[in-house]
Amino acid sequence: PGVPRHTNRLVNEKSPYLLQHAHNPVDWYPWGQEAFDKAKKENKLIFLSVGYSTCHWCHVMEEESFKNKEIGEIMNKNYVCIKVDREERPDVDKVYMTFVQATSGGGGWPMSVWLTPDLKPFAGGTYFPPEDGVHRVGFRTVLLRIAEQWKENKDALLENSQKILEALLHVSEVRVQGQESPPPSKEVMATCFQQLSNSYDEDYGGFSESPKFPTPVNLNFLFTYWALHRTTPEGGRALQMALHTLKMMAHGGIHDHVGQGFHRYSTDQHWHVPHFEKMLYDQGQLAATYSRAFQISGDEFFADVVQDILLYVSRDLSDQAGGFYSAEDADSYPTTASGEKREGAFCVWAAEEIRALLPDPVEGATEGTTLGDVFMHHYGVKETGNVSPMQDPQQELKGKNVLIVRYSPELTAARFGLEAGRLGSLLREGRRRLSAARAQRPRPHLDTKMLAAWNGLMISGFAQAGVALGEQEYVSRAVRAAAFLRRHLFDPTSGRLLRSCYRGKDNSVEQSAVPIQGFLEDYVFVIQALFDLYEASLEQGWLEWALQLQHMQDKLFWDPEGFAYFSSEADDPSLLLRLKNDQDGAEPAANSVTVTNLLRAACYSGHMEWVEKAGQILAAFSERLQKIPIALPEMARATAVFHHTLKQVVICGDPQGEDTKEMLRCVHSVFSPNKVLMLADGDSAGFLYRQLPFLASLERKDGKATAYLCSNFACSLPVTSPQELRGML
């Protein structure tokens, strides 16, 4: 295309989402002082639009409304228009999403909110169609009506916005209520298990009818519940629910069978037809969860899924400098000649395409069987497409197929008279050819922004997979990414994390003119990653950095009056509320993960005030944990870790010695939710020995690598055989 007709201030931004809107006829501003000053000076309302670059309905609203010249004129005349990338500014997103959810009963993106010049919200919603329809009012009408109200009833509107703000402050507050003690872990765990069990889908796994999200927090809770109740029927059911859900997800269309990795969620009960965007935070958490499933069950199926996820991330979401990109879009051009993008175009197949790619006759199968027949049967491909019109309101997937494993290898083999052993290589060949064909299609948009928090989740995924699968290259990849964070998303002079950096021209890593400072979740997920990375690599430098960041987190975010951590810092005047997220959703809430982080930090440092803080967080969320722990499964899990006290597994030995490595392999092969691992290598000048004087008293027995199990810095008798150690774990 030629020179764009319009250009606005977003052209100077780094966020891929903001850049997507730089040539709208709307005079967009980024969130910041320039826009706020203009609204005050001209006494204009603010229209705030929040989304992210891989959000399907954000694209729809842009096409219909923000690219419409006439609507753009109405917006520019009556409002100061601000665009926010929610992944860059989760703090701004959360404040106004709290408002939209409280006033409209629902929420989501794109989020559309109208604010007074002093940033107080008074009207809002999500997606608006451009014109009035039978059931809903159009965006144009809403814009004109609100502008009219501002002219006619300004004072009432301002008064109303003040009342709304006071109500929001009240509803959103999480603080300790008089009692200072954490809730009883046994009851919280039992209630959470019961609530998950009641909402469990016995046939397809998962914990809702539809849509179905992967929600690794639920599965991690169930693994911990099982580990603490291994011999009871409830414990058995917890494990069965988690493993069945993971199997059904891996077989489903939410899993990309040709290009690897997982899509964001399924629109139906069967994990079949997804929304096709792929998010980094899902890949990181799922890699860790499937690693645990393998650790617990020993079933190679789960190890294969881990390798599949990490192959996708290494190939498609990795920056050459070591960081990880945020996401891949759902929408793309079906062919190089297409004029408009379609959801899922990169991932779906017509039956005739597959037939044409896989025409070979299969030796030893029933007469006339082609590779295409076997492949299409196994993956549920139908001539007319396998997506029901109910799952496809926009008719974008008509006649197309989303691959989903419909049969066990044994059943598919039997159907064509094949030996079961041959099926794997036939399906592999089919997937390889489809993958090559897909590489010819235009790729979906890649969001190359790199976020500290999500990079943290991905580092944990690589580190835990490296340990559970015994793959050193995964640990090395995690180390590279942690070094990237240190270099590009950390300011050594202030000791603070930064939120984001970007892939620039010629693949360099760039920072915005005014870098966005890290939020609570950036600290929490990075600290968790560094503890996971220490356990995988045993390099003490990562521990030292983790503890420094934990002190900084305490300083910036801790609430000394109401307890727990705020999501954002105190010193931003443009933020109306300092919130504490109280929901473990697609990503866990930062306060939930930080409970376990604090307990781990105390074990590595001897600072017992961190244990006290962990208890205070649980006390602040006590009411919610006792009534609806299913909303906080990661925090519910942490109540058990708090209650049972973390066990320090100390291996005394030479890091290079074969006997030490064997002991470490033993520790890594057992799933134990309440252990921390440390290697006492005898270097008394090293970081750990300086932090923990008790290590000096532990020695190698008969010169062999020796393990001690310690609780609160008091240790068991030494053991030197991996068998004995396994028994203790």
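Guide: Domain bounds, as used here, come from an automatic or database domain assignment. The model itself is predicted. On that assignment the protein is divided into three domains: domain 1 covers 10-172, domain 2 covers 347-440 and domain 3 covers 648-728. The second largest pocket takes lining residues from both domain 1 and domain 2, and therefore lies between them. The C-alpha centres of these two domains are 45 Å apart.

The pocket holds about 1000 Å³ of space. Its lining consists of 33 residues, and those closest to the centre are Q20, E62, E63, K67 and Y333. Two elements give two or more residues to this lining, namely α1 (16-20) and α3 (56-66). The greatest contribution is that of α3, which supplies six residues. By class, the lining comprises twelve charged, eleven polar and ten nonpolar residues.

The largest cavity has a volume of about 750 Å³. It is lined by 38 residues, of which R292, Q464, D532, R600 and R637 are the closest to its centre. Among the elements that give two or more residues to this lining are the helices α9 (216-228), α11 (280-297), α17 (452-469) and α19 (520-537), together with the strand β19 (675-680). The lining of the largest cavity divides into 16 nonpolar, 15 polar and seven charged residues.

The second largest cavity contains about 80 Å³ of space. Its lining includes G253, H255, D256, H257, V258 and H263, as well as C347, W349 and R438. Six of the lining residues are nonpolar, four are polar and two are charged.

Helix α22 (residues 609-620) has twelve residues and reaches 16 Å from its first C-alpha to its last, close to the expected 16 Å. Nine of the twelve residues are buried, so α22 is largely enclosed by the rest of the structure. The buried residues include W610 and K613, and also I617 and L618.

Strand β20 (residues 706-711) is likewise mostly covered, with five of its six residues buried. On one pairing, six bridges join β20 to the antiparallel strand β18 (residues 647-652), where I651 stands opposite A707. On another, two bridges join β20 to β21 (residues 714-715), again antiparallel, and C710 has C715 as its bridge partner. β20 and β21 form a hairpin with two residues between them, and N712 in the turn has a positive phi of about 50°.

To return to the part requested, the second largest pocket lies between domain 1 and domain 2, because both give residues to its lining.

Definitions and conventions:
Residues numbered from 1 in each chain as written. Predicted model: local features only at pLDDT ≥ 70, side-chain atom pairs only at ≥ 80, totals over all residues. Heavy atoms only, no water. 1 Å grid on protein atoms, 1.4 Å probe; cavity = no way out; pocket = protein on both sides within 12 Å on 5 of 7 lines; lining within 4 Å. Points joined across faces, edges and corners; volume = space filled by probe spheres on them. Helix = DSSP H or I, 4+ residues; strand = E, 2+ residues; numbered from the N terminus. Nonpolar A, V, L, I, M, F, W, Y, C, P; charged D, E, K, R; others polar. Expected span 1.5 Å × (residues − 1). Buried < 20%, exposed > 50% of the residue type's maximum accessible area, 1.4 Å probe, protein only. Pairing = 2+ DSSP bridges.
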